[in-house]
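Here are my notes on this one, jotted down as I went through it. Have the viewer open while you read.

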Amino acid sequence: MTKMVVEASHAIALGAKLCRPEVIPMYPITPQTHVVEDLAQMINDGELNAAMIDLESEHSAASAMIGAVAAGSRCFTATSSQGLALMFEMLPIISGMRLPGVMAVANRALSAPINIWNDHSDAVSARDQGWIQLWVESSQEAIDTVIQGFKISEDRNVQMPLMVCFDGFTLSHVFEPVDIPDQKQVDGFLPKFSPVFRLDTENPLTFGPISFPDSFMHFKKQQQEAMLNGLDVIKKANLDFKKAFGRGYGDGLIDLYRMDDAEYAVMGMGTLCGTARVAIDKLRAQGKKVGLVRLRSLRPFPAKEIQEAVKNLNALAVIDRHISLGQEGPLFTDARSAIYCNDISINGYIAGLGGRDITVKLFERVFKDLEEGKQKGAWLF
Amino acid sequence: MAEKKQEFTPGAVITEPGSSRKYKTGDWRVFRPVILQDKCIKCSICWQVCPDAAIRVDEKTGSYSVDYDYCKGCLMCVKQCPVKAIIQEVEVK
């Protein structure tokens, strides 16, 4: 193990390298660029033996991922915002063909107006397409989650692609001290990729055939079962990782902070949770019983774990860094559905769109709303 | 995905080559082309234009016939036959 001060982008590149990817199809986009730049450098310097395919668009990068994984290689890529939007056509194809692999998404707002800063609209908009989504809070968690990600994605009971979602700029370009695991440790944790099916001229198979109305729903049901299997597999990967590397992130699905005796809590994803922790410490010092539920796995959605975590609360506030226009924050929708049978007041807040700061003050306001019994969320400017 | 007894492999991977032969597309047919052997001049135009390669030639006699397992009933052969030796009939199942 080496300790280095790196930005999350470099941590993710190092994490990917440690997983020994064989193919890296990519197209650069702000704020993901450093990830693929660093990987290109590693290949150039002879530190990483992988085929980097520098494509003409994200649509092609995702298409190349289909071929690479179908041929049996471990595949890593990264994108952001409009890039993920351009990949959209391939997202359900990759998951529908049950091709495992890891994509890092440096979360950035979708245009228009054009905006390169962080919010969660890119990946959250893609949440229904059969990709496991793990959302990270720190650079350390970013590198660790890439390594866990391959293990989860390639698990025979899962076999679904996985996104590691990390906040653009707020995390991607922020330098933090990070423990970089040794190659030997990672090799011990992550076995070689052994796909159930792979393209092989000696043993011909057909990938991606047509499925008629009499079979299509069966395949979708299999995918849903695989995603739900992911709940236990994510937990186990987190536990095994903790045993091997001494670090874990909650139970793998949700990460709780000062929730033991909490009466009020906020729930969110990504770096805003770091700010929430500071606000919670401040309010705890004033004697207020407040806590945080950080959602790590948006898909599969850990409804049971959330029910259990919030059961003794008076009220919960959900902070969405994305809005489903014409409805509300999608995380709020999911959370409310999960705790439907709990007798807890729940408010949804929209915050931090297009890189707008989410400050300690905003969390203090949210907790004040909950304490005063306000039944309505708001836009936090 | 051709047979009645279906196996749902992860990702719909087909593990056996050439399985599309088992998918008999003939049941899509609404009209059935019928070759009138006494009018046929064996020019092979129907064999050439069939988009599904569903016209068969008897190597011994040189006579043409329709493979109803795969003929989808597009009637291209009916339209192209220069001597009107192929007629269409409504498919009755």
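1. A definition before anything else: two strands pair if DSSP finds at least two bridges between them. Also keep in mind that this is a predicted model. With that settled, strand 6 (residues 132–135) and strand 7 (residues 162–167) of chain A pair in the parallel sense, over 4 bridges. Within that pair, I132(A) sits opposite L162(A) of strand 7 of chain A.

2. Zooming out, the sheet in chain A is open, with 5 strands in the order 4-5-7-6-12 and mixed pairing. Strand 4 (76–79) and strand 12 (297–299) of chain A are at the edges with a single partner strand each, so one side of each has no neighbour in the sheet. On average, neighbouring strands of this sheet are turned by 25 degrees against each other, direction ignored.

3. Helix 3 (residues 58–70) of chain A passes a length check: at 1.5 Å a residue its 13 residues should span 18 Å, and the end C-alpha atoms are 18 Å apart, which agrees. After helix 3 of chain A comes G72(A), with a positive phi near 100 degrees.

4. Which residues of helix 3 of chain A are buried? They are E58(A), A61(A), A62(A), A64(A), M65(A), I66(A), A68(A), V69(A) and A70(A). Their cover includes strand 2 (23–26), strand 3 (51–54), strand 4, helix 4 (81–87) and helix 5 (91–96) of chain A.

5. On to the contact between chains: 17 residues come from chain A and 10 residues from chain B. Helix 9 (residues 216–245) of chain A gives the largest share of the chain A side, 3 residues. That side divides into 9 nonpolar, 7 polar and 1 charged.

Note on methods. Residues are numbered from 1 along each chain as its sequence is written. Chains are lettered from A and ligands numbered from 1 in the order in which they are written. This is a predicted model: local features need pLDDT of at least 70, side-chain atom pairs count only at pLDDT 80 or more; totals for chains, interfaces and linings use all residues. Two residues are in contact if their C-beta atoms, placed from the backbone, lie within 7 Å. Helices (H or I, at least four residues) and strands (E, at least two) are DSSP runs, numbered from the N terminus. Ala, Val, Leu, Ile, Met, Phe, Trp, Tyr, Cys and Pro count as nonpolar, Asp, Glu, Lys and Arg as charged, and the others, Gly among them, as polar. Axes are lines fitted to C-alpha atoms, for helices over the stretch in contact, and angles run from 0 to 180 degrees between N-to-C directions. The expected span of a helix is 1.5 Å times one less than its number of residues. A residue is buried if 20 or more other C-beta atoms lie within 10 Å of its own, exposed if 12 or fewer, and partly exposed in between; C-beta atoms are placed from the backbone.
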